[in-house]
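Here is a guided walk through a structure that may be new to you. Keep the 3D view open and follow along.

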Amino acid sequence: MSASYPIVRLNINNQTIEFRNTDIIQAEVVQEIHPVGIELPASSATIRIYTDDPRFNPFSDGELYAELVDNLIVDVYEMLDGVELYVGRFYLNEWRNTNEHEFEFVCQDAIGVLGSLSFDGM
């Protein structure tokens, strides 16, 4: 049987913050493909993490908590049989602090970011 688990890396304040193993409660990546469609597919990722890092605590200095902003870079990997495989780059779309030590990140890929921008055609 293959051992597999997700790895999530956030780029916050020029620091790479990594979550893996028991830090990740749940991770789901949906990669859309429209082979015959004229529409560009937008992929998404929903990730629930556990952290007791005080930098993510809104009630202390919250250095990293304050930096969870729209379009924050979120890189997702999969560890499969000791080999780290790149799944994709996503951008934070929304997030929730579900309890003191749990966060849920809802992310979208670059196509999703472009689709959410207002453009008046000029």
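The side chain of asparagine 97 reaches the backbone oxygen of glutamate 102 at 2.9 Å, and a polar atom of that asparagine 97 side chain also lies 2.8 Å from the backbone oxygen of asparagine 99. Both are polar contacts, meaning pairs of N or O atoms within 3.5 Å; within protein, one must be able to donate a hydrogen and the other to accept it, and residues adjacent in sequence count only if both atoms are side-chain atoms. What you're looking at is a predicted model, where local features need pLDDT of at least 70, side-chain atom pairs count only at pLDDT 80 or more, and totals for chains, interfaces and linings use all residues. Residues are numbered from 1 along each chain as its sequence is written, and side-chain values use heavy atoms, with hydrogens and water left out.

Asparagine 97 sits in strand E6. Strands here are DSSP runs (E, at least two residues), numbered from the N terminus. At 27% relative accessibility, asparagine 97 is partly exposed; buried means under 20% relative accessible area, exposed over 50%, and partly exposed in between, using a 1.4 Å probe and protein chains only. Leaving out residues up to four places away in sequence, asparagine 97 touches Pro58, Tyr65, Glu102 and Phe103, where a contact means heavy atoms within 4.5 Å.

Now zoom out to the sheet. Seven strands form an open sheet in the order E2-E1-E5-E6-E7-E4-E3, with antiparallel pairing; two strands pair if DSSP finds at least two bridges between them. At the edges are E2 (15–20) and E3 (24–30), each pairing on one side only. E3 pairs with E4 (residues 44–50) over six bridges, with isoleucine 24 opposite isoleucine 49 and glutamine 26 opposite arginine 48. E4 also pairs with E7, over seven bridges, and there isoleucine 47 stands opposite phenylalanine 105.

Arginine 48 forms a salt bridge with glutamate 102, the closest N and O atoms being 3.0 Å apart. A salt bridge is a side-chain nitrogen of Lys or Arg within 4 Å of a carboxyl oxygen of Asp or Glu. This pair links E4 to E7 across 54 residues of chain. Arginine 48 is partly exposed because its relative accessibility is 23%, whereas glutamate 102, at 17%, counts as buried.

The structure holds nine salt bridges. Another joins glutamate 84 and arginine 9 (3.0 Å, N to O), connecting strand E6 with strand E1 across 75 residues. Arginine 9 counts as buried at 17% relative accessibility, and glutamate 84 is partly exposed at 34%. Then there's arginine 89 with aspartate 75, at 2.9 Å: arginine 89 lies in E6 and aspartate 75 in E5, so the pair ties together parts 14 residues apart in sequence. Aspartate 75 is buried, with a relative accessible area of 10%. Salt bridges that share partners also join Arg9, Glu18, Arg20 and Glu84 into one network.

Finally, look at the largest nonpolar core, which has 20 residues; Leu10, Ile12, Phe19, Phe56, Leu68 and Phe105 touch the most other members. Such a core is a set of buried Ala, Val, Leu, Ile, Met, Phe, Trp, Tyr and Cys residues joined through side-chain atoms within 4.5 Å. E1, E2, E4, E5, E6 and E7 each supply at least two of its residues.

Conventions:
Helix = DSSP H or I, 4+ residues; strand = E, 2+ residues; numbered from the N terminus.
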